[in-house]
Amino acid sequence: PPPPPPPPPPPGGCTTPPTAGNFGDACGDFSVSALDAYVSSVDQANAAIWMAIIPLESSFDPNATAAAVNGTAYGLLQMDSGLNGQYDNGQVNWKDQVSNAVAYNNNLVTLGMKWCYWQAAYPPYLNLVTYEQCGVSPP
């Protein structure tokens, strides 16, 4: 029998697999303007807030990593690698990083904890939330 057909390309048409050092932009299509357009397309109501959080979390680097309480934080929004459910994952393509963060934040809304995941949302940065509101101790 003939070999099975190759899998379809991921959204956006890129077939370049991510690597350990380039999980966030393996396709080479990241730019701040592309990010801004994509953020606006997935969460227009909060696009300005996301675009304020991202440089504070990652300096607009889709491959950013940092030590975190639970291991390592990844990507534009410094999320884990799935420790808190499917959307808590930053070790993916930059568009998926954004989509995951928006979905995760939407889940937080149902708990009355919108924006509580991101350190940039707290004082002294963007002051979107308080430590008390999110049930965490100040650093």
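Trainee: Is Cys116 buried or exposed?

Mentor: This is a predicted model, where local features need pLDDT of at least 70, side-chain atom pairs count only at pLDDT 80 or more, and totals for chains, interfaces and linings use all residues. Residues are numbered from 1 along each chain as its sequence is written, and side-chain values use heavy atoms, without hydrogens and water. Buried means under 20% relative accessible area, exposed over 50%, partly exposed in between (1.4 Å probe, protein chains only). Cys116 has 9% relative accessibility, so Cys116 counts as buried.

Trainee: Which residue forms a disulfide with Cys116?

Mentor: A disulfide is a pair of cysteine sulfur atoms within 2.5 Å. The structure holds 1 disulfide. Its sulfur atoms lie 1.8 Å apart, and the partner of Cys116 is Cys134.

Trainee: How many residues apart are Cys116 and Cys134?

Mentor: Helices (H or I, at least four residues) and strands (E, at least two) are DSSP runs, numbered from the N terminus. Cys116 sits in the loop between helix H3 (94-110) and helix H4 (131-134), and Cys134 is in helix H4. The pair links distant parts of the chain, and the separation is 18 residues.

Trainee: Why does Cys134 count as buried?

Mentor: Look at the accessible area. Cys134 is buried because its relative accessible area is 6%.

Trainee: Which backbone nitrogen lies 3.0 Å from a polar atom of the Ser31 side chain?

Mentor: Ser31 is in the segment before helix H1 (32-42). At 27% relative accessibility, Ser31 is partly exposed. The backbone nitrogen 3.0 Å from its side-chain polar atom belongs to Ala34.

Notes:
A polar contact is a pair of N or O atoms within 3.5 Å; within protein, one must be able to donate a hydrogen and the other to accept it, and residues adjacent in sequence count only if both atoms are side-chain atoms.
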